[in-house]
Amino acid sequence: MKKSGIYMIFFLLISCFEKRENEVNVNNIDDRIRIGMTKEDLKKEIGVPADSTMMDNNKNKVSIYMYYTNDFSDYRLRVFFDENDKIKTYRID
């Protein structure tokens, strides 16, 4: 095998195990976050989200935080907040 092939394999291995910014280990997520937790407590526990959105559904404002997950599925951890900025629900999809 030529040196270029060895370098290519090494590069691919490194890129597969490189941690993305805002990535969350979801293996034990139910132990780390809970319904009713505030946005600030969530940020202290698992970090700043990769993305966030705000929706208005005519009755109240709902915000969503999205985090990258540590698996290779390209799923996101989505955390939904109520109008008081407390976790209403969360899911991985």
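## Ground rules

Two residues are in contact here when heavy atoms of theirs lie within 4.5 Å. This is a predicted model, in which local features need pLDDT of at least 70 and side-chain atom pairs count only at pLDDT 80 or more, while totals for chains, interfaces and linings use all residues. Residues are numbered from 1 along each chain as its sequence is written, and side-chain values use heavy atoms, with hydrogens and water left out.

## Overall layout

Let's start with the whole protein. It has three helices and five strands; these are DSSP runs numbered from the N terminus, with helices being H or I of at least four residues and strands being E of at least two. Along the sequence, the order is α-β-α-α-β-β-β-β.

Of the 93 residues, 24% are buried, where buried means under 20% relative accessible area, exposed means over 50%, and partly exposed is in between (1.4 Å probe, protein chains only). The accessible surface is about 6900 Å², and carbon and sulfur atoms hold 53% of that surface; the areas come from the Shrake-Rupley method with a 1.4 Å probe, and for residues only the protein chains shown count as cover. Among contacts with a separation of 6 or more, 39% link residues 24 or more positions apart.

Helix 3 spans residues 39–46, and its buried residues are Lys39, Leu42 and Ile46. They sit on the same side of helix 3 because they cover an arc of only 60° around the axis, the arc being that of the directions from the helix axis to the C-beta atoms. Their packing partners are strand 1 (23–24), helix 2 (29–32), strand 3, strand 4 and strand 5. Just beyond the helix, Gly47 has a positive phi of about 105°.

The largest nonpolar core has 13 residues, and those touching the most other members are Ile33, Leu42, Ile46, Tyr67, Leu77 and Val79. Such a core is a set of buried Ala, Val, Leu, Ile, Met, Phe, Trp, Tyr and Cys residues joined through side-chain atoms within 4.5 Å. Helix 3, strand 3 and strand 4 each give two or more residues to this core, and strand 4 gives the largest share, with three. Beyond four places in sequence, the contacts of Val79 include Ile33, Leu42, Ser63, Tyr67 and Ile87.

Strand 3 covers residues 61–69 and holds Ser63, which counts as buried because its relative accessibility is 3%. The side chains of Ser63 and Lys39 make a polar contact of 2.9 Å. A polar contact is a pair of N or O atoms within 3.5 Å; within protein, one must be able to donate a hydrogen and the other to accept it, and residues adjacent in sequence count only if both atoms are side-chain atoms.

Phe81 faces Ile87 of strand 5.

Five residues lie between the strands of this hairpin, and Asp85 is located in that loop. Most residues other than glycine have a negative phi. Asp85 is not a glycine, yet its phi is positive, at about 60°. With 35% relative accessibility, Asp85 counts as partly exposed.

Technical notes. Two strands pair if DSSP finds at least two bridges between them.
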